[in-house]
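Student: Could you walk me through this one before I set anything up?
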Amino acid sequence: MKPLVVEKVVKQYGDHTAVNGISLEIDRGEIYGLLGANGAGKTTTMRMVLGLIFPDEGKILYDGKPYSKEQLRQIGYLPEERGLYPKVAVSEQLTYLARLKGMSAADADKSLKSWLERFGVPEYYSKRVEELSKGNQQKIQFIATIIHKPQLLILDEAFSGLDPVNVELLKSTVKELRDNGSTILFSTHRMEHVEELCRNITILHRSNEVLKGSLKEIKSRFPRERVRLAAEGEIKGLESLPGVLGVKVLEQGGYEIRIADEASGRGILHHAMSQAEVSRFEIMEPTLNEIFIKTVGERHE
Amino acid sequence: MSDFWTVTGFTFRNKVKGKAFVVTTIILVLILSLVINLPYIISLFKGEGGNDVEKVGYVSVQSDMLKSSVTPTLIGGWLKEYYESQPEESRSLTMVPIEGSGDAAADESLLKKAIADGKVDGYVELTPNKATGFYDAVYKSEKMMEGSIATELRSGLQIVKTNAAGLTDAQKKLLYAPVEVSSMQINAGTGEESGRTAAQQGVNIGLVYAVLFLLFMSIMATGQVIASEVTTEKSSRIMEVLITSVSPLNSMFGKIMGMFFVGILQIAIYVATVVINVNIPTNKDALGNMNIHLNDASPDLLIVGLLFYLTGYFLYATLYAAVGSLVSRTEDLGQAVMPLTFLSLGGFYIGMFSLSVPDSMLVKVTSFIPFFSPYTMVLRSGVGSVEYWEIGLSLVIMLVSIYVFGWLSAKIYRTGVLLYGKRPSIKELRKAMKAYKI
């Protein structure tokens, strides 16, 4: 029984279809990436999963059961636009939110203290939120999301506005939660985070699914069209080789060559080896970033 | 249900701890104490300085004394006698004769000199009035707005006028004996004799005034706070976290209940302040002297006041919460709550302006209209006459409307908290409600 199954949900706002038949399944201990340009229907999908709005068609099942109040308590939600009471002490509002999720005040307090300790900011316990920097508010918001040990986490742009050190800190926490069996629906515009964390993804474009599946499988579906080449000396005549579409000289040395198909790579390698000592040759996998721009961008025109 | 109380507790604690609450409460307590103690404080100042007796000069011309007709000199003398005959502690005037020559211009300058020398505070000038056969008086002094002296002089002159008419002492006594007139409010419908005396009526009017004012202030203040709380939660986006944790109904009514307790606490503090201050012996005497006894308040009024305060609060509070949920930014809130403010203001004004006519048709009709009845029903039971079934009916109407508007507000709230951007029109709101399946 999968913890979260979304089956062909449709949501219409008047004449406008915000979500058009989206399906996804998330396993225990899995992070699922929900990607899409702005206004593609991510927020509406998440709101439906949260039970804030109900789908017009299709259904959403939690552990095989439909939406109920009890399910709600097992969900942790980190909204894209952060919100906390600016004038209320951290300890007070986090225990409040945890209690609303059905935790006892004492448990909530204990959980909060251990998380603050974990994030290296125990001194924020009695501070008001408005006294904290934006990045630190973010940490507090993150704690607010996970304080009640939810089984299902919905993270909307979890790492925005954080410095690299804190991004790593939160990322490792998310991974740990995943390894402990949490089910995580993850939405972001940062493709490198998706590549690092997610097993399966869905890319939405204008309310429709345009790409769906495991990251590996998706990548294999896209042709490898880039060659990274580095050599001891200069290599001439790359442009005139068959199958080469363009050559870019990289700042840090070496070349990036766009090719029509994978087979052209062999010719390039031969050509390069005849001229100089090759230190690096790689036919690159497409990055998710490229795939995203390709899928969403092309349909844009 | 536990969620509801969690929200209530959180709202209550945060408001009571807030600076705004502490500061306004302390300031109002101080003002209330000051107002109640004011009569005593004023009497303290009076007591030290003794009675402030105004010295009023008049021209006394030697030759006039011998004339048989009524001359200004003679009247001045009578006035002097009259004021001197009054008991010293209540005397506020004393007449000072200034020797004059009979020449108007010269006498006037003499009197002015007397003011400059500090012999008198002002002087009275008498000019004959052909129509009445007596004199008109002008009180001249360097101070402005000497209304009390003029009044004092007028009553003095009224008295001494009878001297000019040559009445006997018995006639004068009859003329000046005050006639006792008192009023009593009765209930013509039931024929009961449980009327209210003027003093009770006075206390009730005061109390109705206080209840109306309290109701209005409380609805305005707490309503605004509820609306702005909701808007703040919405604009700070904490709402998105909240509604995934707690049902909108619980979050809305929890907040309303929390604010209700804050309001009750505040009112309890004010009432305690008033009761304690009134019961300080010095103040008790001062108020007693003014014929105010709080025991005169009718218990009916207090109960009705309380019932309608409760129902009125909840009716308005749910609507304020609904309006707050429609607004995305606190800056837009003032404009959005305007209709509610006017509604409340309307009821308040109907109540205030009908204090002297509590049985008019307007009051009777509005005492059954939900948004006005908290004000007008209190007024009717306090100073007018009202049947118990009327109060009951009005209460039932209130309860039904609380239910209806509470339900409507909850729906609006549920939809409104998810709508960002500009304030939605009614049409857009209905569309959103349909889309959200609420």
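Student: What kind of model is it, and what is the domain assignment of chain A?
Tutor: It is a predicted model, and the domain assignment of chain A gives domain 1 (4-219) and domain 2 (223-285). Taken over C-alpha atoms, the centres of domain 1 and domain 2 of chain A are separated by 42 Å.

Student: In what order do the three strands of the open sheet come?
Tutor: In chain A the order is 2-1-4, with antiparallel pairing. Strand 2 (16-26) and strand 4 (57-62) of chain A are at the edges with a single partner strand each, so one side of each has no neighbour in the sheet. From one strand to the next, the twist averages 20°.

Student: How many bridges pair strand 1 with strand 4 of chain A?
Tutor: Five bridges, in the antiparallel sense, and Val6(A) stands opposite Ile60(A) of strand 4.

Student: What lies across those strands?
Tutor: Helix 1 (residues 42-50) of chain A lies across strand 1, strand 2 and strand 4, running at about 120° to strand 1 of chain A.

Student: Switching to helix 6 of chain A, which residues are buried?
Tutor: Val174(A), Leu177(A) and Arg178(A) are the buried residues of helix 6. Seen down the axis of helix 6 of chain A, they fall within an arc of 100°, and therefore line one face of the helix.

Student: And what covers the buried residues, and which residues are exposed on the other side?
Tutor: The cover includes helix 5 (134-146) and strand 7 (183-187) of chain A, while the exposed residues on the other side of helix 6 include Glu168(A) and Ser172(A).

How values were computed: Residues are numbered from 1 along each chain as its sequence is written. Chains are lettered from A and ligands numbered from 1 in the order in which they are written. This is a predicted model: local features need pLDDT of at least 70, side-chain atom pairs count only at pLDDT 80 or more; totals for chains, interfaces and linings use all residues. Two strands pair if DSSP finds at least two bridges between them. Helices (H or I, at least four residues) and strands (E, at least two) are DSSP runs, numbered from the N terminus. Axes are lines fitted to C-alpha atoms, for helices over the stretch in contact, and angles run from 0 to 180 degrees between N-to-C directions. Two residues are in contact if their C-beta atoms, placed from the backbone, lie within 7 Å. Domain bounds come from an automatic or database domain assignment. A residue is buried if 20 or more other C-beta atoms lie within 10 Å of its own, exposed if 12 or fewer, and partly exposed in between; C-beta atoms are placed from the backbone. The arc is that of the directions from the helix axis to the C-beta atoms.
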